[in-house]
Amino acid sequence: MNGRHAICLVVDGLRASALGAYGNTTSPTPQLDTLASRSAVVEWFLADSPHLDRFCRSVWQGSHAARQEIPAGQSSVLETLKQDGVELRLVTDEPCLTQQPEFNQFEQVEIVEPTAEQPAERIADTAMAHFCTAAVEKLELWQADGAGSLSWVHMRGLFGPWDAPSALRAEILDEEDPPAAEFLDPPGALRDVVDPDVLLVHRAAYAAQMAVADACLGALCCAIDEIMADRETLVMLLGSRGFALGEHGSIGGDCCELFGERLHLPWLLHVCDDQTPRPRLTGLAQPADVGATLLDWFGLQPDGHPCDGQSVLPQLKSGTCTMRELAVAEGDQCEQAVRTPAWLLRQDGSGDQRQLFAKADDRWECNDVAALCPEVVDRLCAALADFEQHCRDGLPLPTASLDDELVRPQR
């Protein structure tokens, strides 16, 4: 039986740009930044879909969201871990996880049902705080037996109630700003938002929830360090999907257009009791890489099939890691996005409308340069077509190096 442990902390709605470690300078996240300072930070962790069910499938199955079918006889990441004697445990406040095909692989499950009917008086009274308290209690109980384990801790996070103390929202706004928003349910989809006051109050409300998440996750990580003291434990913190805050005219969790606010997620990794500073991983990563990293941590390989993921664990071992040069996301109405270190291409389902953005300079995808760089668009479309063909044929994802123009262009 494998004696190692892993704990995955997944926060829904946690976008990379919300953390100071990823460049946020307006709303401090000191606890998460401290965690990042002793973690390997994956700079470009990109969702392969804007939907939670696809995220879970990609991680737990080890298959990219672009694959329409899972090959017959393929053992998932969770099945492979379970077959090796790794105890699989889940604690969550997200009911829809129980509908995922891999849910039954978890041997111990705790469904938390925190509620919020009004803004909390203190951060300790928020739904996030109650969830984290419940998670700590289960982790303490589960780790008492000492068996090798994977504990998956999934929090609704920014898709749960926005019950930050009202004073916290107000503190983020200046006197000349509009009053703080009073809603409790996060926005679903506000379209064509042009009023700067509407943008401001929603971003302030999100920032207040991030302050709650920062405090709660900081306390949770400290508790994990105590619970797992003297045990070989990999801890990962990651987002499962981002949250639109008006960067492209839409606000809300149901806005699924394939832009960075939805696709770019944080992913931090560290080993308990290991204080060695880690450099950033600057290549591209996708959700299937999380599953591959877990298998690697437990000394396992995918069972009888090519896994779409690439482990980033070598970064923790040697400080070097070969990462992918091409990342693909599948959206609604057959929308697609393809990302390389130098570019992001978006196209609609018909392929008639395309947008191209220079990366990493155009952080918020503001300047469409498709008309100026038609040859880049053509090369990216060809790379995307090759990727799709591999998925349709059930082949391993393409790994050939891309043209320098797509990776290191001369600008």
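Which ring does the charged end of Arg280 sit over, and at what distance from its centre?

## Charges over rings

In this predicted model, the charged end of Arg280 sits over the ring of Tyr22, at 5.8 Å from the ring centre. A further arrangement of this kind involves Arg339, which lies over the face of Trp44 with a distance of 4.4 Å to the centre of the ring.

Four strands form an open sheet in the order β12-β13-β14-β15, and their pairing is antiparallel. The edges are taken by β12 (327-330) and β15 (354-358), each of which pairs on one side only. On average, and with direction ignored, neighbouring strands of this sheet are turned by 15 degrees against each other.

Strand β14, spanning residues 343-347, is joined to β15 by five bridges, the two strands running antiparallel; Arg346 stands opposite Gln355, a residue of β15. Helix α10, made up of residues 374-392, lies across β12, β13 (336-339), β14 and β15, and runs at about 70 degrees to β14.

## Aromatic pairs

Over the whole structure, a search finds nine aromatic pairs. One of them is formed by Phe159 and Phe243, whose ring centres are 5.5 Å apart and whose planes stand at 70 degrees, over the 60 degrees required, so the pair counts as edge-to-face. This pair links distant parts of the chain, since the two residues are 84 residues apart: Phe159 belongs to the loop between β5 (149-155) and α5 (166-172), whereas Phe243 belongs to the loop between β6 (233-239) and β7 (244-245).

Both partners fall under the 20% limit for burial, because Phe159 has a relative accessibility of 14% and Phe243 has a relative accessible area of 0%. Ring pairs also extend the picture beyond these two residues, linking Phe159, Trp162, Phe183, Tyr206 and Phe243 into a cluster.

## The surroundings of Ser151

Ser151 is found in strand β5, and with a relative accessible area of 0% this serine is buried. Its side chain makes a polar contact with the side chain of Gln143, at a distance of 3.4 Å.

When neighbours within four places in sequence are left aside, the residues in contact with Ser151 are Ala6, Ile7, Cys8, Arg89, Leu139, Trp142 and Gln143.

Note on methods:
Residues numbered from 1 in each chain as written. Predicted model: local features only at pLDDT ≥ 70, side-chain atom pairs only at ≥ 80, totals over all residues. Heavy atoms only, no water. Pairing = 2+ DSSP bridges. Axes fitted to C-alpha atoms, helices over the stretch in contact; angles between N-to-C directions. Contact = heavy atoms within 4.5 Å. Phe/Tyr/Trp six-rings, centres within 6.5 Å; stacked < 30°, edge-to-face > 60°. Buried < 20%, exposed > 50% of the residue type's maximum accessible area, 1.4 Å probe, protein only. Lys NZ or Arg CZ within 6 Å of the ring centre and 35° of its normal. Polar contact = N/O pair within 3.5 Å; in protein donor to acceptor, adjacent residues only side chain to side chain.
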